[in-house]
Amino acid sequence: MAGGKTSNIPRCETERSGTHVRPQYVPNHIPDPSYVRILDTTLRDGEQAPGAAMTCNQKLEIARQLAKLRVDIIEAGFPSASKEDFTAVKMIVDEVGNGDYGDNGYVPVIAAFCRCNEKDITTAWEAVKNAKRPRIFTFIATSPIHMEYKLKKSKQEVLEIARDMVKFARSLGCDDVEFGAEDAARLRPLPFLN
């Protein structure tokens with residue numbers, strides 16, 4: 001601290017004890033309820049900002065830095081969006097998703113974002129399947145306005161598609177499948193997936 005003053009903020013457990021508190025990674029389960037798993041979307045969602053397009057090499061460098069920060073899950077991109085995005089995700093998988101970071105086996109989960117359809121899910125799996133910890137993150141629109149005008153589907157049809165596509169992703173060999181309800185903030189009542 002400046003001026004030799006000490007902070008009243010407690011140091012994290014890792015600093016105090018010198019031991020690592022990161023629990024063993026288990027898909028869909030955090031064995032330590034006090035652990036907060038960090039998911040970073042910079043490489044996918046961050047690129048949606050105007051003027052924020054990145055090259056494959058720039059994405060790889062950001063993924064390297066995220067791994068140095070010990071981010072648990074890196075959402076590497078949307079492989080079906082373009083050939084470049086597919087290539088960037090593969091580059092991240094090959095290096096960062098298979099790296100040795102010397103932290104009790106720490107390797108970040110590398111996630112690929114995709115729509116709830118077989119083509120997108122297959123492309124996502126092709127991009128991440130060689131990572132030590134691959135994840136497919138599939139999504140579908142769930143707000144009434146999106147279901148009616150974008151998808152032209154009923155709530156029941158959307159639920160069936162979501163369920164079937166998560167099963168499809170698992171059938172490809174992916175044990176770590178995340179589902180996202182697009183535009184869920186507009187849902188009334190909120191418990192759409194019940």
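A nonpolar core is a set of buried Ala, Val, Leu, Ile, Met, Phe, Trp, Tyr and Cys residues joined through side-chain atoms within 4.5 Å; buried means under 20% relative accessible area, with a 1.4 Å probe and protein chains only. The model is predicted: local features need pLDDT of at least 70, side-chain atom pairs count only at pLDDT 80 or more, and totals for chains, interfaces and linings use all residues. Residues are numbered from 1 along each chain as its sequence is written, and side-chain values use heavy atoms, without hydrogens and water.

The largest nonpolar core has 35 residues, and those touching the most other members are Ile74, Ile92, Val96, Ile110, Ile121, Val128 and Ile136. Among the elements that each supply at least two core residues are strands E2 (73-77), E3 (109-115) and E4 (134-141) and helices H3 (83-95) and H6 (155-171). Helices (H or I, at least four residues) and strands (E, at least two) are DSSP runs, numbered from the N terminus. H6 gives the largest share, six residues.

The strands form an open sheet in the order E1-E2-E3-E4-E5, with parallel pairing; two strands pair if DSSP finds at least two bridges between them. E3 and E4 are joined over six bridges, and Ile110 has Pro134 in E4 as its bridge partner. Beyond four places in sequence, the contacts (heavy atoms within 4.5 Å) of Ile110 include Ile74, Ile92, Val96 and Val128.

H6 lies across E4 and E5. Its buried residues, among them Val158, Leu159 and Phe168, pack against H4, E4, H5 and E5. After H6 comes Gly173, with a positive phi near 115 degrees.

Technical notes:
Buried means under 20% relative accessible area, exposed over 50%, partly exposed in between (1.4 Å probe, protein chains only). Axes are lines fitted to C-alpha atoms, for helices over the stretch in contact, and angles run from 0 to 180 degrees between N-to-C directions.
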